[in-house]
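The entries follow in the order I made them.

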Amino acid sequence: MDFSAAWAYKTLLLNGFAVTIELSILAIITGTLLGFVAGLSQTSKWAILKYPTKLYIEIFRGSPLLIQLFMVFYGLPYLGIDISIFAATLLVFTLYGGAYIAEIIRSGIESIPKGQFEASQSLGLTYRQMMQKIILPQTLKVSLPPLMGFYIGLIKDTSVASIIGYMEVVKEGQMIINITAKPFEIYFVISVMYFIISYPLSLLVDWIEGRNKHA
C-alpha cells in the first residue's frame, strides 16, 4: 500500500472530514429537536397532532435516504423553489433523522409504566409538569443507548450526500481517486476518519448501557 497520494491531498481530505463533522453535528441537533417534538406528538391524545406526525414518520422511514435527497435537491428547484446543496442536504438529514428519533422517543415514553402517569395525575400535576418532572427524565434514560446507536448510523449515512455533489469527505476522496488512481488507500483513510468519529460514540453507548444495568 502506498499512502503518499493520501498524504499529498491531506488538506482536501481534512476539509472534507471537517464538512462531514459539521453536517453530522447539525443533523444530529436538528433531527433530535424535530424527533423529540414528533415523538411527543405521537403520544398525544390529540388526533390533529398524532396522525399527521404518524404520516410524516412513515414516509421518511419508508423511503430510501438517497431518494429523499434526490427529491429535495432536484425536485424543489423543479417546483420553482431555489435551495442550496447545503440547505437541501441538512433538510433531508433533519427530516430523515427526526422520523427515526421520533420513534425512539415514542417507544421510550410508552415504556414508562402507566401507573406513573396515573400517579402524576392524582397528585394534580399538569401535563407539562408530569412530562418535565416524571416521564421525560426516565424516557431519556431509556432512549439514550438507541439514540446514540442511531447517531452513529446517521454519521455514516452522511456519505450518501456525496451522490448529489456535497463536498464531504467521501466526495473529496472520489475526486482524489480520479486524479491518483489509488482507491484502496484513499477509501482506507476515509474509513479511519469515520472510525475516529464513531468509535468514541460506541464506547459511550457501552458505558451508558453498563451504567444502566448497575443502576
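Helices here are DSSP runs of H or I with at least four residues, numbered from the N terminus. The model is a predicted one.

**Entry 1: Tyr-194**

I looked up Tyr-194 and found it in helix H9. Is Tyr-194 buried or exposed? Its relative accessibility is 11%, and under 20% counts as buried, so Tyr-194 is buried. I then listed its contacts, leaving aside neighbours within four places in sequence. Tyr-194 is in contact with Thr-20, Ile-155, Lys-156, Thr-158, Ser-159, Glu-168, Val-169 and Val-170.

**Entry 2: Thr-20**

Thr-20 is on the contact list of Tyr-194, and I took it next. Thr-20 sits in helix H2. I read a relative accessibility of 1% for Thr-20, so it counts as buried. What does Thr-20 touch, not counting residues up to four places away in sequence? I found Thr-158, Glu-168, Val-169, Tyr-194 and Ile-197. I noted that Thr-158, Glu-168 and Val-169 are also in contact with Tyr-194.

**Entry 3: H2 against H3**

I stayed with H2, which spans residues 10–42, and looked at its packing on H3, residues 47–61. Two packed helices are described by the angle between their axes and the distance between the axes. For H2 and H3 I noted an angle of about 130° and axes 8 Å apart. That angle makes H2 oblique to H3. The crossing of the two helices is left-handed.

Which residues make the contact? From H2 I listed Leu-34, Ala-38, Ser-41 and Gln-42. From H3 I listed Leu-49, Lys-50, Thr-53, Lys-54, Tyr-56 and Ile-57. I sorted the residues of this contact into five nonpolar, three polar and two charged.

**Entry 4: Thr-139**

I looked up another threonine, Thr-139, in helix H7, residues 127–157. Thr-139 has 1% relative accessibility, so I logged it as buried. Not counting residues up to four places away in sequence, Thr-139 touches Ile-105, Gly-108, Ile-109 and Ile-112.

**Entry 5: Aromatic pairs**

A pair of aromatic rings is described by the distance of the centres and the angle of the planes. How many pairs are there, with ring centres within 6.5 Å? I counted eight aromatic pairs.

I looked at Phe-73 and Tyr-74 among them. The ring centres of Phe-73 and Tyr-74 are 5.0 Å apart and the planes are at 65°, so the pair is edge-to-face. Phe-73 counts as buried, at 19% relative accessibility. Tyr-74 is partly exposed, with a relative accessible area of 47%.

I then took Phe-184 and Phe-188. This pair is stacked, with 6.3 Å centre to centre and 25° between the planes. Why are Phe-184 and Phe-188 separated by about one helical turn? The two are four residues apart in helix H9, residues 183–213. Phe-184 is exposed, with a relative accessible area of 52%. Phe-188 counts as partly exposed, at 40% relative accessibility.

Notes. Residues numbered from 1 in each chain as written. Predicted model: local features only at pLDDT ≥ 70, side-chain atom pairs only at ≥ 80, totals over all residues. Heavy atoms only, no water. Axes fitted to C-alpha atoms, helices over the stretch in contact; angles between N-to-C directions. Parallel < 35°, antiparallel > 145°, perpendicular 65-115°, else oblique. Left-handed = near helix turned anticlockwise from the far one by under 90°. Contact = heavy atoms within 4.5 Å. Nonpolar A, V, L, I, M, F, W, Y, C, P; charged D, E, K, R; others polar. Buried < 20%, exposed > 50% of the residue type's maximum accessible area, 1.4 Å probe, protein only. Phe/Tyr/Trp six-rings, centres within 6.5 Å; stacked < 30°, edge-to-face > 60°.
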